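User: I'd like to learn how to read a few features of a model, starting with charged pairs. Could you walk me through them?

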Amino acid sequence: MKIKSIVGLVAGAFLILSAGAHSILGWKAMSEQLAQTNAPPDLVQGLRMGWLYGGPVMIVFGILCLTTFWKRFRGEAASTFAPALIATAYIAFAVFAAIWTGGDPSFMLFLVPGVLLAIASIP
């Protein structure tokens, strides 16, 4: 159980670190590309709000995973339902996005924490 807890802790840390990259670096690149188009300001603002919402959500997911797997690492009983649900969402999104975009490899970044959480969440 300790090894799976460590895998879960790594995945939780990955989620938190990727939240910053997503919100800061990701939006910077996206906004630079949008600035080169004739996109209306309302559209850009709507995209920005949706994009920036992802960062805090990823932080919350990471915190949930860290607290769950820290408890399990210490030998306490803790349900892995939330991390398993997060894993399912991340894996499903990675597969959907890869198919939808014709195989854009950048969406595989969602697969990494999803698979790690899935492994750590196996009873």
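Analyst: Gladly! Side chains of opposite charge can pair when their charged atoms come close. This model is a predicted one, and the structure holds 2 salt bridges.

User: Which residue forms a salt bridge with glutamate 32?

Analyst: Lysine 28 is the partner, and the closest N and O atoms of the pair are 3.1 Å apart. Both residues belong to helix 1, with a spacing of 4 residues, or about one turn of the helix.

User: Let's step back to the fold. How many helices and strands does the chain have?

Analyst: There are 4 helices and 0 strands, which read along the sequence as α-α-α-α. Along the principal axes, the C-alpha atoms fill a box of roughly 55 × 25 × 20 Å. Of the 123 residues in the chain, 28% count as buried.

User: Now for empty space. How do I read a pocket?

Analyst: Rolling a probe the size of a water molecule over the atoms shows where empty space is left. Here, the largest pocket holds about 620 Å³ of space. Its lining is made of 20 residues, and His22, Met58, Phe93, Phe107 and Phe110 lie nearest the centre.

User: Which helices each supply at least two residues of that lining?

Analyst: Helix 1 (2–35), helix 2 (41–73) and helix 3 (81–100) each do. Helix 1 gives the largest share, with 6 residues.

User: What is the make-up of the lining by class?

Analyst: The lining of the largest pocket has 14 nonpolar, 5 polar and 1 charged residues.

User: Which residues form a nonpolar patch on the surface?

Analyst: Look for Phe93, Phe96 and Trp100, which together have about 390 Å² of accessible area.

User: Where does tryptophan 100 sit, and is it buried or exposed?

Analyst: Tryptophan 100 is placed in helix 3. Its relative accessible area is 69%, so tryptophan 100 is exposed, the cut-off for that class being over 50%.

Note on methods. Residues numbered from 1 in each chain as written. Predicted model: local features only at pLDDT ≥ 70, side-chain atom pairs only at ≥ 80, totals over all residues. Heavy atoms only, no water. 1 Å grid on protein atoms, 1.4 Å probe; cavity = no way out; pocket = protein on both sides within 12 Å on 5 of 7 lines; lining within 4 Å. Points joined across faces, edges and corners; volume = space filled by probe spheres on them. Nonpolar A, V, L, I, M, F, W, Y, C, P; charged D, E, K, R; others polar. Patch = residues over 30% accessible without salt bridge, like charges linked within 9 Å, V, L, I, M, F, W, Y side chains within 5 Å. Areas by Shrake-Rupley, 256 points an atom, 1.4 Å probe, with all protein chains shown as cover. Salt bridge = Lys/Arg side-chain N within 4 Å of Asp/Glu carboxyl O. Buried < 20%, exposed > 50% of the residue type's maximum accessible area, 1.4 Å probe, protein only.
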